[in-house]
Every structure is written in C-alpha cells, then in structure tokens.
Amino acid sequence: MTKSNYKLTKKDFKQINRRNLFNYQLGWNYERMQGSGYLYTILPQLRKIYGDNTPELKQAMKTHTQFFNTSNFFNTIITGIDLAIEEREGIKAIDTVSGLKAGLMGPFASIGDSIFGALIPTILFGALAANMAINGNPTGIFIWIVAQMAVNVFRWKQLEFAYKEGISLVTTMQHRLTALTDAATLMGVFMVGALAATMVNVKFAWAPNFGDVTVDMQNNLDMILPRLLPAGIVGAIYWMLGKKNMTSTKAILIVLVVCVALSALGILSK
C-alpha cells in the first residue's frame, strides 16, 4: 500500500488551520525548530492518506519531523502544496515533498516575516496605533485589532488555495513573490526612516554660553540637517545590535541609562 484514495475536505482544512493557528509553535526547539509542529498540524490527514500504523505513515512522519523553519504567516502555503502532492502521488513523492519544503521555507520566511512580521504590524499599523495613543486617541487599538484579524483570515484562506493550485503555485508566482519582497523591503526602509524622524523625540537642551553669546546647539544641528540627532541615535543603536553578544534587551538598557544620565546633566531633553 502506498496511499489511499482519500481526498481532503473542508473539515480537514479547518482542522489544519486550527492546529496551525493555535499549536504550530508549541513543539519549537533549537534542533528542528518547527518540525514537530509541522507534523502535528497535518498528522490526522497523513493518517487518512496512508492509513494508521502503516510503514508509509511512519516514513512520512519521520520525514516531516526533520528540520523546518519558515514564516508563521506563510507556512500553510507550503502545507497545502505538500498535501496536494502526497494525496496524489503517495509515499513515492516523499523525497519531492522534502525537497520542496527545504527549498521554499527560506524564501517564504523572508517574505512572510518582512511583510507580516515587520511591515504591517510594526511599521504600518503599529506606528499608526502608537501615534494615536501618544495623542490620546483610543482608535489606534481598534486599528491594531482589525489588522491582526485580517492577517489571521489571510492565514486561514491560503491553505486551501495552495492545496488547489498545488505545485504550479511555485512556478507561476515566483517572479511575483520576488517583486513583492523587493517592494516590501523598500517600503520598510522608507517607513523606518520616517519613524526615526517622527517618533524619536530627542533634542539638545545644552546651550553653552561664550561671553554674551548663547550657542543653540539644537538650532545649529537643524540648520545642518533637521532631525539629525534622532537619526544619529537610531544609527548608534543599529551599530550596537551588529556587535557580537549584543542583544536587543542589552541595547534597550544602554539607551535607558545613557538617556537618563544625559537628561539629568541637562544635555538632552524631549
């Protein structure tokens, strides 16, 4: 026996999506990362395709617990393509499926994390909600909730779409995915620059006196380039994060200590 004639149903897609949304990362580990979560997500369907306690099922389970790591926001596209192939070809296509997963997890990780892990929640809606909160507008929290609900709906819908399109999805959309990644990267760089200028509200309070002349340091910097100090701070943090053994937590603590100290000395102000 290589496979049954089982065809996935709407009930199967709902089960996979529920497991994916709520349990996909529970088995995450440093050795195989999302491997066990991937298997857990599709195990009921593998049992229906190969049968319970069959050698084919054991081989498929062993294959799907191998190293796997991609974006949570795009992983069910790979799952849908995988199940379409296994449903049609059975265990003889397991090496093809393994290669497909290895080949797609990297590109989909960069695309999904760039768009759904950074651009949408942090740079677009996150910044919008934060700016509203700073101004005392509670609407921002509802924008954030709606945005996250939309992302989860997208995650729910993509599985069945990928299953129906199968392997052709990879070839027909390859150039579009590349263009989308480039566009998202460009938008992200643009928005990070805008956020640095508008959300990092730090300026020089130090104004030294030379005889009867007071030198306004902040005004002089603005004449060179407006918002130069926030840009310099963001650049310094970026430089720190590139150093070995430097984590984001350490960088935050350094920024807090330095800013409090310089503020107490009257050098910086908000």
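**Exercise 1. Is the crossing of α1 and α4 left-handed or right-handed?**

Before we start: this is a predicted model, where local features need pLDDT of at least 70, side-chain atom pairs count only at pLDDT 80 or more, and totals for chains, interfaces and linings use all residues. Residues are numbered from 1 along each chain as its sequence is written, and side-chain values use heavy atoms, leaving out hydrogens and water.

*Solution.* 
Step 1: find the helices, which are DSSP runs (H or I, at least four residues) numbered from the N terminus.
Step 2: look at the axes, lines fitted to C-alpha atoms over the stretch in contact, with angles from 0 to 180 degrees between N-to-C directions. α1 and α4 pack at about 145 degrees, their axes 11 Å apart.
Step 3: the crossing of α1 and α4 is right-handed.

**Exercise 2. Find which residues of α1 meet α4.**

*Solution.* 
Step 1: contact means heavy atoms within 4.5 Å. From α1, Ile16, Asn17 and Asn20 meet Asn75, Thr76, Thr79 and Leu83 of α4.
Step 2: sort them by class; this contact has two nonpolar, five polar and no charged residues.

Definitions and conventions:
Helix = DSSP H or I, 4+ residues; strand = E, 2+ residues; numbered from the N terminus. Left-handed = near helix turned anticlockwise from the far one by under 90°. Nonpolar A, V, L, I, M, F, W, Y, C, P; charged D, E, K, R; others polar.
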